[in-house]
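I opened the model and kept a notebook as I went. Here are my entries, in the order I made them.

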Amino acid sequence: MVVKFGFSVHSSEADAMIYVASRTTIPVPQVYAVFAETHEDGRHMTYIVQEHIPGVRLDDALQSLRPHELQAIARQMRDTLAQLSALSTKRTRLQPFSGGSWAPTVWFQAFQDTFPMGDEDARVTESFLAYFRNMRSSRYHTTTVGNWPLEEFLGFFDLTRAPIFSHGDLSPCNLIVDNGRISGIVDWAGAGWYPYFWDSFVLGRSIAQLNDPEFMKLVDYIVGGHFPEAVNFEIVWEYEHGATLNTL
């Protein structure tokens, strides 16, 4: 048994785990209980009591995996993304699983002091990308995004493509492996409906940081194709994230 708790832990993470477990065969920790307590300062401490998943994080296990085990894990990851994508039927809006603003989610919280998001920001791919455009425009008084004029940047993306349901941060640190297979996927705090290129962005970025060429070769297979949009978005995200951290 594992208890995840903190002021930044929310019951919506448990809700996402239960939602995925009830609709897929993805190995998600079973949720036993969720409760919260209010501290004297008014903040809420939330507790999620969940199943302990046997194994180690994929990023810690990579060096010990044999080629056939890595390929089996890649197949499981591909199947996971396919099952999550099936939960996107008829969705037209982007949103965290909890609803509300993207602001407290892992990918956006660092920007909120200087570029706060409202509840209705980033609800379609174009406005999702526009958030970064506006950030750069405000910071540098420019109409370019990264190295591109706005219209050229937006032209890299299919702005009409439907959202995907995503774990939000399906990187190796959130994949638990045991005996050469994925035994569980943890940390569903960022789950929600994201732009279609999101999993490619997250996975490509996280695997590149591991400096594992063999695993990197499997990214396109895992996400079901090559998404150059993910590369373009990563350049912009890293640029703005780095600039924001330098101001803190």
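**Entry 1: the open sheet.** I began with an open sheet of three strands, in the order β4-β9-β10 with antiparallel pairing; two strands pair if DSSP finds at least two bridges between them. Strands here are DSSP runs of E with at least two residues, helices are runs of H or I with at least four, and both are numbered from the N terminus. The edges are β4 (56–57) and β10 (181–185), each of which pairs on one side only. I found four bridges between β9 (residues 175–178) and β10, and Asp178 stands opposite Arg181 in β10.

**A note on the source.** This is a predicted model, in which local features need pLDDT of at least 70, side-chain atom pairs count only at pLDDT 80 or more, and totals for chains, interfaces and linings use all residues. Residues are numbered from 1 along each chain as its sequence is written, and side-chain values use heavy atoms, with hydrogens and water left out.

**Entry 2: strand β3.** Next I looked up the partners of β3 (residues 44–50). Strand β1 (residues 2–6) runs antiparallel to β3 and is joined to it by five bridges, with Gly6 the bridge partner of Thr46. Strand β2 (residues 31–38) is also antiparallel to β3, through seven bridges, and there Phe35 stands opposite Tyr47.

Entry 3: I then turned to the aromatic rings. Counting Phe, Tyr and Trp rings (the six-membered one for Trp) with centres within 6.5 Å, there are 26 aromatic pairs. Trp107 and Trp198 are edge-to-face (planes over 60 degrees apart), at 5.5 Å centre to centre and 90° between the planes. Trp107 is in the loop between β5 (95–96) and α4 (125–140) and Trp198 is in α6 (residues 198–210), so their pair ties together parts 91 residues apart in sequence. Trp107 is buried at 8% relative accessibility, and Trp198 is buried at 0%.

**Entry 4: the core.** Which residues have the most contacts inside the largest nonpolar core? They are Phe132, Trp188 and Phe233, in a core of 68 residues; such a core is a set of buried Ala, Val, Leu, Ile, Met, Phe, Trp, Tyr and Cys residues joined through side-chain atoms within 4.5 Å. Helix α3 gives the largest share, six residues. I also checked Phe233, whose contacts (heavy atoms within 4.5 Å) include Phe132, Phe157 and Trp198.

Note on methods
Rings of Phe, Tyr and Trp (its six-membered ring) pair if their centres lie within 6.5 Å; planes under 30 degrees apart count as stacked, over 60 as edge-to-face and the rest as tilted. Buried means under 20% relative accessible area, exposed over 50%, partly exposed in between (1.4 Å probe, protein chains only). Lists of a residue's contacts leave out its neighbours within four places in sequence.
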